[in-house]
Every structure is written in C-alpha cells, then in structure tokens.
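Here's a quick briefing for anyone opening this structure for the first time. Have a look at the sequence and the model, then read on.

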Amino acid sequence: MDQLTCSRCGAPVQSDDKKYQCECFTVYRQIAGKTLDYGDIQALFTKGETEIIHGFRSKNGNSFSARLLRKNNKPSFDFGCSERNQKSKVVVQVLEPGLVELQVFSKSVALREEIHFGLVSPQLTACYGAIAGCKIVLYGLGNESAKEKLMLETSNLLFTKYVLKIVRPRHAQIREGISYLWEILDGFSSWTVRYVPAKRPRLKGTPHSERFPRGIFPWLDAEIARQGDKILVKLSPDPAVCAQFTAAIKNVTEIEHGVFVVPPTVERAVCAWVRTVGKAFGDDLSANVKKE
Ligand SMILES: [Zn+2]
C-alpha cells in the first residue's frame with residue numbers, strides 16, 4: 001500500500017489498530033458503530049470528504065447515512081441528503097391511527113422516530129407527522145430553506161389527496177391541520193407530496209414504548225409555571241405539538257390553544273418531555289463522536 005499523505009498538512013499518515021493520524025487530523029477506524037473502508041480513509045486525507053457512507057448508528061440505535069468531512073482535527077458528519085438531487089425528504093408512515101413512524105433526511109438532520117398523537121384519525125395522524133417532519137427540516141436549514149426542495153412521502157392516500165387539494169376534508173380539525181401544513185410548506189422553494197404504501201405494518205400486540213420521541217420539535221419553546229396547586233404549561237400553538245403533548249402526558253387539560261393545565265404529580269414528566277422532544281439533533285451526534 002502506498003504511503004498516504006495528508007493534502008492539508010503534508011505529513012505522512014500514520015496508523016495503528018485504532019486510528020489513522022497525520023499532524024492535523026485523526027480518523028478512528030470505527031466511527032458511530034461503523035468500521036470505515038480504506039477508501040473512505042484515503043478520501044478524507046486527500047480530498048477532505050467521503051462519499052455517503054451507510055450504516056452509522058446513533059446513540060439510540062438508529063442507523064443513518066452521512067458523508068464525513070475534514071473540517072477540524074477529526075471528521076464531522078455531513079447530512080447533505082442521501083439523494084443526489086439535494087432534496088430534503090420527510091417520510092410519514094401511519095402505523096395505526098394516532099401513531100406514525102417519522103423519518104427525516106435533510107442537510108443537518110437524519111432522524112427516525114415513532115410518535116403518538118392520541119386518539120385521532122389516520123389522516124390527522126399523517127398530517128401531524130408531516131407538520132413535525134417539515135418543521136424539523138425548516139429549523140435545520142434556517143435561512144437556506146427558501147432554496148430547498150422538499151419531498152413529502154406518506155402512507156396515507158386520503159391525506160395525500162387533501163394536501164394536493166384533490167379532496168377537501170370534511171372535518172374542521174383536519175382542515176386546520178392541512179392549512180397549517182401548507183403554511184409550513186410555503187417556507188420551501190418547492191415541494192411534492194407522494195403516496196407510498198406502508199412498508200412496515202405494525203405488528204398487533206406490540207407494546208408501545210413509553211419513552212418520549214427525541215428531537216421531533218427542536219424549535220420548541222415551552223413555558224412551565226406554577227399556578228396555585230396546578231402547573232401551567234404554555235407550548236407553541238402547533239397542532240402536532242399539542243396532540244403529542246396530550247398523548248404523552250397524563251391528565252392534561254387544554255384551557256386555550258397551546259396552553260395546558262397539569263397536576264403537580266406530572267411536573268417532572270412534563271420537564272422530561274420538553275427536554276426530549278426539544279433536543280436538537282446534533283446533540284446526539286457530537287456525543288457519539290466524542291465517545292470514539
Ligand atoms: Zn494533515
């Protein structure tokens with residue numbers, strides 16, 4: 001094997017059984033659960049970036065794909081979309097009424113979470129999942145969102161027709177949800193919605209996990225205050241947030257849009273919920289990289 005030289009510092013790349021190293025950069029053979037190919041190592045030291053690598057694992061066990069970049073002294077992840085056309089993609093699979101599997105693939109985000117939205121129709125379930133997914137993408141892109149194309153895939157055919165204005169929903173709640181989603185979609189340069197039949201039907205009798213979904217509302221701003229013997233929780237008036245909050249926390253009463261009263265017994269659960277759903281995606285990954 002030819003001696004590999006770093007194109008940035010010019011030093012020869014040394015290796016041992018754990019890592020490759022020049023004077024400016026260190027690459028561990030294994031990153032986020034994935035053992036890198038020698039080709040990827042070469043690409044990092046010579047070009048400063050790899051092709052998309054599949055099969056990384058995040059801290060909570062989800063697999064993801066990303067490129068690696070040589071920005072500082074160790075590789076960083078780049079999520080510049082696994083599809084060549086640089087679109088962001090949101091996939092909403094309705095597993096059962098009130099439960100979605102949400103997948104988000106965008107420049108700064110690769111997320112896969114199951115989310116409960118309580119006792120709502122399959123169409124509303126899809127709508128809330130789409131709202132959460134599209135807002136995650138917008139949040140991650142910031143000002144760049146106006147140039148971004150969005151692909152929304154969902155396993156609910158009727159919801160797809162609602163979004164495309166082929167069918168007008170009869171119930172007020174879903175009409176409001178769809179209008180809310182359209183406003184979010186306006187934040188992209190263009191968007192498409194596509195019906196993709198469910199690939200993964202949920203098994204009957206699978207116990208629901210009790211944990212809260214992570215990082216699904218990274219932009220969330222919550223106010224929690226004591227009022228007499230009750231706790232007042234003020235969330236943003238987003239229908240997906242309100243539905244998830246009501247589904248996740250026991251004994252919630254909505255007193256006005258986005259404002260809830262809960263008993264003090266669930267205060268800790270509310271705080272844990274806010275922390276978990278509001279967690280920005282990057283937190284997880286930096287934790288992963290440090291661990292190596
Ligand atoms: Zn170097």
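Two residues are in contact if their C-beta atoms, placed from the backbone, lie within 7 Å. This is a predicted model: local features need pLDDT of at least 70, side-chain atom pairs count only at pLDDT 80 or more, and totals for chains, interfaces and linings use all residues. Residues are numbered from 1 along each chain as its sequence is written.

**The core**
- Skipping neighbours within four places in sequence, Cys134 is in contact with Val90, Leu150, Leu152, Leu181, Ile184 and Leu185.
- Cys134 is also among the residues that touch the most other members of the largest nonpolar core, which has 71 residues. Such a core is a set of buried Ala, Val, Leu, Ile, Met, Phe, Trp, Tyr and Cys residues joined through C-beta atoms within 7 Å.
- Helix α2 (residues 122-141) gives the most to this core, with 12 residues.

**The whole chain**
- The protein chain has 7 helices and 17 strands, taken as DSSP runs (helices H or I, at least four residues; strands E, at least two) and numbered from the N terminus.
- Of its 292 residues, 38% are buried, meaning 20 or more other C-beta atoms lie within 10 Å of a residue's own.

**An open sheet**
- Four strands run in the order β14-β15-β17-β16, with antiparallel pairing; strands pair if DSSP finds at least two bridges between them.
- β14 (223-227) and β16 (253-256) are the edge strands, each with a single partner, so one side of each lacks a neighbour in the sheet.
- β14 pairs with β15 (residues 230-234) over 5 bridges, and Ala225 sits opposite Leu232 there.

Notes: Buried ≥ 20, exposed ≤ 12 C-beta atoms within 10 Å, placed from the backbone.
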